[in-house]
Amino acid sequence: MAENTALNGALTVIADIRTDWATERATDEVQSVLARRQATAGYTLLRVGRPDGETGQHALERLAALRPDGFVLSGCGGVADIQAFDVMLRVTEAEHGIEAGSIALVAEVGENAAFVLSALPLKDVSRRLAAIVFDGASLTQATASQTFNTAASRAGAPLLLARATAVITARQAGLPCYELLQENTHGDPQTARDIALADGFSGVIARNAAQLAALRA
């Protein structure tokens, strides 16, 4: 669940179906979520993994038929992944008679370190690209590093580099950048948000209802 995303000033819900997003079971779960959304609410996005081949294309077509507002592409490695996903969404929109470019795309970075190493800018890569989300927990796992380097009394070096890269890359492209809170955020989520804002992020994304309630208090 996200607070104050770029897509809408209202609450935007991100349905995390990544673990089984390509299955029909996930489609059934999403249908239930979308059926409960209200016209006055913000957008509903679906968090999916990087699609691969025909299986991924067919899964996207099933999910798009339910008319979500967009997708969060987790594990995004940069320009090539965004462009490939954009093409698949274009095919999907044409298949279902959906207005071209109307399905939004949010790139979630962190799990794939290729994003941090890439020098390619995101500006004008895809007209549907609405925002960048940074997942620090996945980044530290991918780099076998620690969130906090106790010996140095500072955040882990890979995390510092990746956070800065995400913010700078997003700003260069004229896109908002949001930080995904860790599951067990140390301290108050409001403090985590203040830190993120001071570092140049546009806001934070809550992982659970408790974090969201704390942010909205």
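Predicted model: local features only at pLDDT ≥ 70, side-chain atom pairs only at ≥ 80, totals over all residues.

Mentor: D124 sits in the loop that runs between α4 (114–117) and β5 (129–135). For D124, phi is near 65°, which is a positive value in a residue other than glycine. Is the residue buried or exposed? D124 has a relative accessibility of 71%. Exposed means over 50%, so D124 counts as exposed.

A second residue can be set beside it. R67 also has a positive phi without being glycine, with a value near 60°. R67 belongs to the loop between α2 (53–64) and β3 (70–73). Its relative accessibility is 44%, so R67 counts as partly exposed.

Now the whole chain. The protein contains 8 helices and 9 strands. Of its 217 residues, 48% are buried. A compact globule with 217 residues would have a radius of gyration near 17 Å, and the protein agrees because its own value is 17 Å. The C-alpha trace spans about 55 × 40 × 30 Å along the principal axes. Among contacts with a separation of 6 or more, 76% join residues 24 or more positions apart.

Last, confidence. The average pLDDT is 90, and 92% of the residues score at least 70. Residues 1–8 have a pLDDT below 50, and beyond near neighbours in sequence this stretch has 29 contacts in the model.

Technical notes. Residues numbered from 1 in each chain as written. Heavy atoms only, no water. Helix = DSSP H or I, 4+ residues; strand = E, 2+ residues; numbered from the N terminus. Rg over C-alpha atoms; globule rule 2.2 N^0.38 Å. Buried < 20%, exposed > 50% of the residue type's maximum accessible area, 1.4 Å probe, protein only. Contact = heavy atoms within 4.5 Å. pLDDT = per-residue confidence, 0-100.
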